[in-house]
Amino acid sequence: MTEMMAEKKGRMKVTIELEINSELMDLAKDAMSKMSTRLPEMMKRGGENKQ
């Protein structure tokens, strides 16, 4: 069963709908914007650590 699963590759798109308060939404947006700016730096550091 595992071998069959390994051979098939694909993508699945999942949409999640949540109700949250505005403070939490602002916090999440802030975290996501910081993540996009820090991700390249984290990738560079990860590459340096492996070498």
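Me: Hi! What does the accessible surface of the protein chain come to?
Reply: Hello! In this predicted model, the accessible surface of the protein chain is about 6000 Å², and carbon and sulfur atoms account for 57% of that.

Me: What share of the residues counts as buried?
Reply: That would be 0% of the 51 residues in the protein chain.

Me: OK, salt bridges next. How many are there?
Reply: The count is 1 salt bridge. Asp 30 pairs with Lys 34, and their closest N and O atoms are 3.4 Å apart.

Me: Where do Asp 30 and Lys 34 lie?
Reply: Both are in helix H2, which covers residues 22-50. They sit 4 residues apart, or about one turn of the helix.

Me: How accessible is each one?
Reply: Asp 30 is partly exposed, at a relative accessible area of 38%. Lys 34 is partly exposed too, at 39%.

Me: Switching topic: which residues make the nonpolar surface patch?
Reply: Met 12, Val 14, Ile 16, Leu 18, Ile 20, Leu 24, Met 25 and Leu 27 make it, and the patch is about 890 Å².

Me: Let's pick Leu 18. Where is its place?
Reply: You'll find Leu 18 in the loop between helix H1 (2-7) and H2.

Me: Why does Leu 18 count as exposed?
Reply: Because its relative accessibility is 66%, and exposed means over 50%.

Note on methods: Residues are numbered from 1 along each chain as its sequence is written. This is a predicted model: local features need pLDDT of at least 70, side-chain atom pairs count only at pLDDT 80 or more; totals for chains, interfaces and linings use all residues. Side-chain values use heavy atoms; hydrogens and water are left out. Buried means under 20% relative accessible area, exposed over 50%, partly exposed in between (1.4 Å probe, protein chains only). Accessible areas come from the Shrake-Rupley method with a 1.4 Å probe; for residues, only the protein chains shown count as cover. A salt bridge is a side-chain nitrogen of Lys or Arg within 4 Å of a carboxyl oxygen of Asp or Glu. Helices (H or I, at least four residues) and strands (E, at least two) are DSSP runs, numbered from the N terminus. Patches are made of residues with over 30% relative accessible area and no salt bridge: like charges are joined within 9 Å, nonpolar side chains (Val, Leu, Ile, Met, Phe, Trp, Tyr) within 5 Å.
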